[in-house]
Amino acid sequence: MKKVSLQMYSIRELMAKDVASTLMETAKAGYTGVEFAGFFNHTAEEIKSYLDAAGLVCSGTHTGLPALQPDTIGETIEYHHKIGASNLVVPGIPGEMYGSYDAACKTGALLNDIGAQLKAEGITLGYHNHHREFQVFNGQYALDLMYGNADPENLKVELDCYWAHVAGVDVVEYVRKYGKRNFLLHMKDRKPNDADKIAQGIYECTEVGSGVVDFKSVIALAKEFGTQWYVVEQESFDMPMLESIAKSAKWLNENT
């Protein structure tokens, strides 16, 4: 089975209307897994039944820090167990949590502690970056300070290739740097010749394999390192949503 998943934030408008049918459409588009970004007020039992009906598995979830506090983490763990999710990714954090050397180090230690608690329950914690975590303090990226202050067993890497590329990072070398710690990869491609829009704060992506990110080299490394899932995330569309996600799935199924 190809390990090609869709981050459901990509088609959140469809999810908000009908989760069950949207999961069916996702499977038809060529995906074997999904990464949730919210459950739209459905119980874990309902979500699991929708996944089973569509023939999908949960490759992971994007779950924010509020659901990982001492008074909420137990419920979060139980929900993940019920839907069969063994991966949980923090999708981003407030800027002040990585906006200085000390803050980034402190955040890494916090994520380490949360990750240890999740690991004891059979759930792997990861962090998903944007471009802002690549600001530099004392010669190091804030993101690296976060990872460096956590045990690799307690905090894994879900590199968003698009945002890393926008930040000016060599995506292939960054994947190489973290090796087997890359448990998931966000496959989001960058449009060519978009520098003017980026300068205006306009961030647009394109279907995987259609842009400028060297995904063939990324995939070669991912295979070497045992990365679990290739997760498509599409945040802007130049064609109908379902057509777009199917195009990305086709490319990945042919190239992984």
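1. Let's start with E133, which is buried (under 20% relative accessible area, with exposed meaning over 50% and partly exposed in between; 1.4 Å probe, protein chains only). Despite being buried, E133 has no salt bridge, and R132, the nearest side chain of opposite charge, is 5.6 Å away. A salt bridge here needs a side-chain nitrogen of Lys or Arg within 4 Å of a carboxyl oxygen of Asp or Glu. E133 sits in the loop between β5 (124–128) and β6 (136–137). Leaving out residues up to four places away in sequence, E133 touches Y98, Y127, H128, Y141, A142 and L143; contact means heavy atoms within 4.5 Å.

2. A word on the model before you read on. This is a predicted model, in which local features need pLDDT of at least 70 and side-chain atom pairs count only at pLDDT 80 or more, while totals for chains, interfaces and linings use all residues. Residues are numbered from 1 along each chain as its sequence is written, and side-chain values use heavy atoms, with hydrogens and water left out.

3. Which residues touch the most other members of the largest nonpolar core? They are L23, F36, I83, L118, Y127, L159 and L252, in a core of 73 residues. Helix α10 (residues 215–225) gives this core its largest share, six residues. A nonpolar core is a set of buried Ala, Val, Leu, Ile, Met, Phe, Trp, Tyr and Cys residues joined through side-chain atoms within 4.5 Å. Helices (H or I, at least four residues) and strands (E, at least two) are DSSP runs, numbered from the N terminus.

4. Setting aside neighbours within four places in sequence, F36 is in contact with Q7, M8, M15, L23, I47, L51, C58, G60, T61, H62 and I83. Two of these partners, L23 and I83, are listed with F36 among the core residues that touch the most other members.

5. Now for helix α5 (residues 101–119). Its 19 residues reach 27 Å from first C-alpha to last, close to the 27 Å expected at 1.5 Å a residue; the expected span is 1.5 Å times one less than the number of residues. Buried in α5 are A103, A104, C105, T107, G108, L111, N112, I114, G115 and L118. What do these buried residues pack against? Their partners are α4 (73–83), β4 (87–90), β5 and α6 (142–148).

6. β4 pairs in the parallel sense with β3 (residues 57–62) over two bridges, and T61 stands opposite L88. β4 and β5 also run parallel, joined by four bridges, with G126 of β5 as the bridge partner of V89. Two strands pair if DSSP finds at least two bridges between them. In β5, four of the five residues are buried.

7. Further along, V231 lies in strand β12 (residues 229–232) and is buried, at 0% relative accessibility. The C-alpha atoms of V231 and M187 are separated by 5.6 Å, although the two residues are 44 apart along the chain. Beyond neighbours within four places in sequence, V231 is in contact with S5, L6, Q7, E35, S59, E158, L185, H186 and M187.

8. Finally, the charges: there are 15 salt bridges in the structure. E25 and K28 meet at 3.8 Å, N to O, and lie three residues apart in helix α2 (residues 19–28), about one turn. E25 is partly exposed at 32%, whereas K28 is exposed at 66%. K48 and D52 meet at 2.8 Å, N to O; they are four residues apart in helix α3 (residues 44–54), about one helical turn. Both count as partly exposed, K48 at 28% and D52 at 48%. An α-helix has 3.6 residues a turn, so residues three or four places apart point the same way.

9. K156 and E153 meet at 3.7 Å, N to O; K156 counts as buried at 13%, while E153 is partly exposed at 46%. D160, K188, E233 and E235 are linked in a network of salt bridges.

Terms used. Lys and Arg count as positive and Asp and Glu as negative; His and the chain ends are not counted.
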